Amino acid sequence: MSAATPLPQERRLVTAIPGPKSQELQARKLGAVAAGVGTTLPVYVSRANGGVLEDVDGNSLIDFGSGIAVTNVGNSAEAVVAKATEQLAAFTHTCFMVTPYEGYVAVAEQLNELTPGDHDKRTALFNSGAEAVENAVKIARAYTKRTAVVVFDHGYHGRTNLTMGLTAKNMPYKQGFGPFAPEIHRVPVAYPYRWLTGAENCAAEAAAQAIDIINKQIGAENVAAIIIEPIQGEGGFIEPAKGFLPAIVEYAKANGIVFVADEIQTGFCRTGQWFACDDEGIVPDLITTAKGIAGGLPLAAVTGRAEIMDAAHAGGLGGTYGGNPVACAAALGSIETMKEQDLNGKAQRIGEIMLGRLSALQEKFADSDSVRIGEVRGRGAMIAVELVKPGGKEPNAEATAAIAKACHAEGLVVLTAGTYGNVLRFLPPLVIPEHLLNEGLDILENAFATV
């Protein structure tokens, strides 16, 4: 816990959720903020630290969301606050493309060292995950002199025009916002739970289908980049069947295609390894990062093979705020925290607890007449349950929403996800105390009993 913002690591409810002050702020929000900016839980936060969020009414909620995998090191981590504060006092901005500063270079050096592979690397910094993905496409096109981009079913890559086109799910991300960028092609992903011929056939068959579509419908010689999340985030924490990613990487390498790993949600110790690619020894040509990199400040990056990254002409990459000095300082503090506190080890421990508890919950409700857990999946502190209706695998989005609502009412922040809206996803801060983790799982279990 940061000495600057001491906050008891306990759940405490003093009002209904949301409380009266949050309701007042929500009314102001509705009158001031565009309606398209939605809110999962209209509880207005005043302080946050470790594994809790304190709202303006004095309630303290258990955080199983981490701002969507952003506050991996917890809110207001000591090293993040200290380094960002020092930088704020020095200067807030110069634009790296005008007069540069050491922090940008230092973050690039850290990313070149930490990301998979021991080859010569370069990094460019941006503001958001979507911006990183867009720039990865630009870099791949500059390097290959090709235009086509291949993405996968259930994938999510952002909300800009290009990244909406790359994203699979229509509602709420794409509906009414087209037309989208051309030369985007979608192929099957190895989704073990829903593969028609069984999970045991999933990797080989999905890879063969994807490659066949690329060869027949696009032509490998026209593909600049293949982009995939090693564990699909918004799609429902889908972990492709073992062997699928290596097959796609091998195909890309054989055909001169840039393989891009979108590690925006999976990166920085979230899965119990620095990056999810590490699990199968995948070494991407380019890797995009954001979210967990800077402890809550806006920062994103593309890191990759030097010869690919250097293909873009001078001035072709950048942006006014890309690699902001305060965000860079926060990133250095965040990475320091991850190393010193062994957050990979802590993520693995979180995974052990959650997978055990959730598997027991799956068994407990195996004969439920209202809702069942079809699958428990994930790695480290990136865990999910897919909810289905009794008697099969029909997605149960209604029960998912009801359980999330029940958790919120009891002071547990949980998120939903999935192409079919039937996945509860759990992304606790990697520094969450175990007693809070278990208390949150108790609340979840009780919520299942109410549906």
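Q: Before we get to the pocket, what makes a residue part of a lining?
A: A lining residue has an atom within 4 Å of a grid point of the pocket or cavity. Keep in mind that this is a predicted model.

Q: Which element gives the most to the lining of the second largest pocket?
A: That's E4, with six residues. Helix H4 (102-114) and strand E4 (121-126) each supply at least two residues of that lining.

Q: How many residues line the second largest pocket, and which lie nearest its centre?
A: There are 23 in the lining, and Phe96, Tyr104, Thr123, Ala124 and Leu317 lie nearest the centre. The volume of this pocket is about 440 Å³. By residue class, the lining splits into twelve nonpolar, eight polar and three charged.

Q: What makes something a cavity rather than a pocket?
A: In a cavity the 1.4 Å probe fits but cannot get out, whereas a pocket is an open set. Searching the whole structure turns up four cavities of 30 Å³ or more. The largest cavity holds about 60 Å³ of space.

Q: What lines the largest cavity?
A: Pro230, Glu239, Pro240, Lys242, Leu245, Ala276, Cys277, Asp279, Glu280 and Arg379 do. Five of the lining residues are nonpolar, five are charged and none is polar.

Q: Why is Glu386 called buried?
A: Buried means under 20% relative accessible area. Glu386 has 0%, so the label applies. Glu386 is found in strand E12 (residues 382-388).

Q: How do you know that the side chain of Glu386 makes a polar contact with the side chain of Asn422?
A: The cut-off for the N or O pair is 3.5 Å, and this pair comes in at 3.2 Å. Another polar contact, of 2.8 Å, joins the side chains of Glu386 and Arg194. Leaving out residues up to four places away in sequence, Glu386 also touches others, including Tyr191, Tyr193, Arg372 and Val423.

Q: What makes a set of residues a nonpolar core?
A: They must be buried residues of the listed nonpolar types, joined through side-chain atoms within 4.5 Å. The largest such core here has 120 residues, and those with the most contacts inside it are Phe64, Ile226, Phe244, Leu358, Leu444 and Phe448. A second, separate core has eight residues, among them Ile231, Met382, Ala384 and Val423.

Q: What does Phe448 touch, beyond residues up to four places away in sequence?
A: Phe448 touches Leu361, Phe365, Val371, Ile373, Leu387, Ile403 and Leu424.

Q: What makes Ser66 and Lys145 worth a look in the backbone?
A: Most residues other than glycine have a negative phi. Phi of Ser66 is near 50°, a positive value, and phi of Lys145 is positive too, near 60°.

Q: Buried or exposed: which label goes to Ser66, and which to Lys145?
A: Ser66, in helix H2 (residues 66-69), is at 0% relative accessibility, so it counts as buried. Lys145 lies in the loop between helix H5 (129-144) and strand E5 (148-152). Exposed means over 50%, and Lys145 has 68%, so it is exposed.

Terms used: Residues numbered from 1 in each chain as written. Predicted model: local features only at pLDDT ≥ 70, side-chain atom pairs only at ≥ 80, totals over all residues. Heavy atoms only, no water. Buried < 20%, exposed > 50% of the residue type's maximum accessible area, 1.4 Å probe, protein only. Contact = heavy atoms within 4.5 Å. 1 Å grid on protein atoms, 1.4 Å probe; cavity = no way out; pocket = protein on both sides within 12 Å on 5 of 7 lines; lining within 4 Å. Points joined across faces, edges and corners; volume = space filled by probe spheres on them. Nonpolar A, V, L, I, M, F, W, Y, C, P; charged D, E, K, R; others polar. Helix = DSSP H or I, 4+ residues; strand = E, 2+ residues; numbered from the N terminus. Polar contact = N/O pair within 3.5 Å; in protein donor to acceptor, adjacent residues only side chain to side chain.
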